[in-house]
Structure formats: structure tokens, C-alpha cells
Amino acid sequence: MLIRQIETDYQLDDVLIPWLQRSTFFCELSRHVRKFPTDSFPTAGVAYDHELDDIVMAYNPTWMAKNTPWQSEGLLTHEFYHILFGHLHARIENMPLPKLKNVATDLAINSIIMHNADAHKPRTVLRNDFP
């Protein structure tokens, strides 16, 4: 895989563990996803790694550190929904308008997250400086 792993002081577990303690469904899914920090892209993403024969989630620790816990939980939920809805398996070589498909799947997932959001939580998951 071309995404390079980096060393960081950021601890994803500080956000991941409390969130997973409240969601046994995502907890089980998370056990099957390799997670690692990267500076290869600005936010986070999931992919199937053919070399490892595994699903991976790479995240930018600098960006994650700027998030509130609510935003980080929204991001984790978002990325795991990509796995659940089969978006990794639905990628087709030479697909026309792949960026449009990515935007469409992101919007669909975000609408589900916001629909299910706690009434007591802020209604924005994405930060203003989202790339």
C-alpha cells in the first residue's frame, strides 16, 4: 500500500476506546481494522490493503488532534460506515467520475450520522477547515 505510516504522539485510543465502549457493534468491527497514523493525506480514510489482505484505516494525527471528541467519533463512524456499506468492494477500475462517487457516498453517510445524532450533541461533525 502506498500510504506511509508515521510516528506520532497522538493517541487514537484516547478517542477510540470511550466511543467503542458505548457501541459494541462498532467495537466488533474495529477489531478487524488495522489503524495507523499517516501524513499521506489531510484527514482519514479506509481502504483494502492487498499486500496485507486486510482493511486499514489511516488517519492524519495532526488533523485528528484538532478535532473535538464529538468530531472524532463522527469521523470514526463515517469511516466505518464506508466499510459496512461495501464502498471498499464497490470500487471499479477506470470508474467514470470516481470523485463524484466519493462525494456521493460521503454525503449519504453524513446524512445518516446526522439523522442519528444525539439531540444534546452539536449538529456539526465536520470542521470548518475540512479540505
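**Close-up 1. The hairpin of β2 and β3 and its turn.** In this predicted model, β2 and β3 form a hairpin with 4 residues between them, and Asp 53 in the turn has a positive phi of about 55 degrees; strands (E, at least two residues) and helices (H or I, at least four) are DSSP runs numbered from the N terminus. Most residues other than glycine have a negative phi. Asp 53 is exposed, with a relative accessible area of 56%, where exposed means over 50%, buried under 20% and partly exposed in between, for a 1.4 Å probe and protein chains only. The two strands run antiparallel and are joined by 6 bridges, and Asp 49 has Asp 54 in β3 as its bridge partner, while Val 46 has Met 57.

Residues are numbered from 1 along each chain as its sequence is written. Because the model is predicted, local features need pLDDT of at least 70 and side-chain atom pairs count only at pLDDT 80 or more, whereas totals for chains, interfaces and linings use all residues, and side-chain values use heavy atoms, with hydrogens and water left out.

Close-up 2. The order of the 3 strands is β1-β3-β2, and their pairing is mixed; two strands pair if DSSP finds at least two bridges between them. β1 (33-37) and β2 stand at the edges with a single partner strand each, so one side of each is left without a neighbour in the sheet. From one strand to the next the twist averages 25 degrees. β1 and β3 run parallel and are joined by 5 bridges, with Ile 55 in β3 as the bridge partner of Val 33. In β3, 6 of the 6 residues are buried, so this strand is largely enclosed by the rest of the structure. Asp 54, Val 56 and Ala 58 point one way from β3, and Ile 55, Met 57 and Tyr 59 point the other way.

Close-up 3. Of the 16 residues of α4, 14 are buried, so the helix is largely enclosed by the rest of the structure. The largest nonpolar core has 25 residues, of which Leu 12, Met 57, Phe 80 and Ile 83 touch the most other members; such a core is a set of buried Ala, Val, Leu, Ile, Met, Phe, Trp, Tyr and Cys residues joined through side-chain atoms within 4.5 Å. α4 gives the most to this core, with 5 residues. Leaving aside neighbours within four places in sequence, Leu 12 is in contact (heavy atoms within 4.5 Å) with Lys 35, Met 57, Tyr 59, Met 64 and Leu 76.

**Close-up 4. The aromatic pairs.** Rings of Phe, Tyr and Trp (its six-membered ring) pair if their centres lie within 6.5 Å, and planes under 30 degrees apart count as stacked, over 60 as edge-to-face and the rest as tilted. The count by this rule is 7 aromatic pairs. Trp 19 and Phe 26 are stacked, at 5.2 Å centre to centre and 25 degrees between the planes, and both are buried. The rings of Tyr 81 and Phe 85 have centres 5.2 Å apart and planes at 5 degrees, so this pair is also stacked; Tyr 81 is buried, at 15% relative accessible area, whereas Phe 85 is partly exposed, at 44%.

Conventions: Axes are lines fitted to C-alpha atoms, for helices over the stretch in contact, and angles run from 0 to 180 degrees between N-to-C directions.
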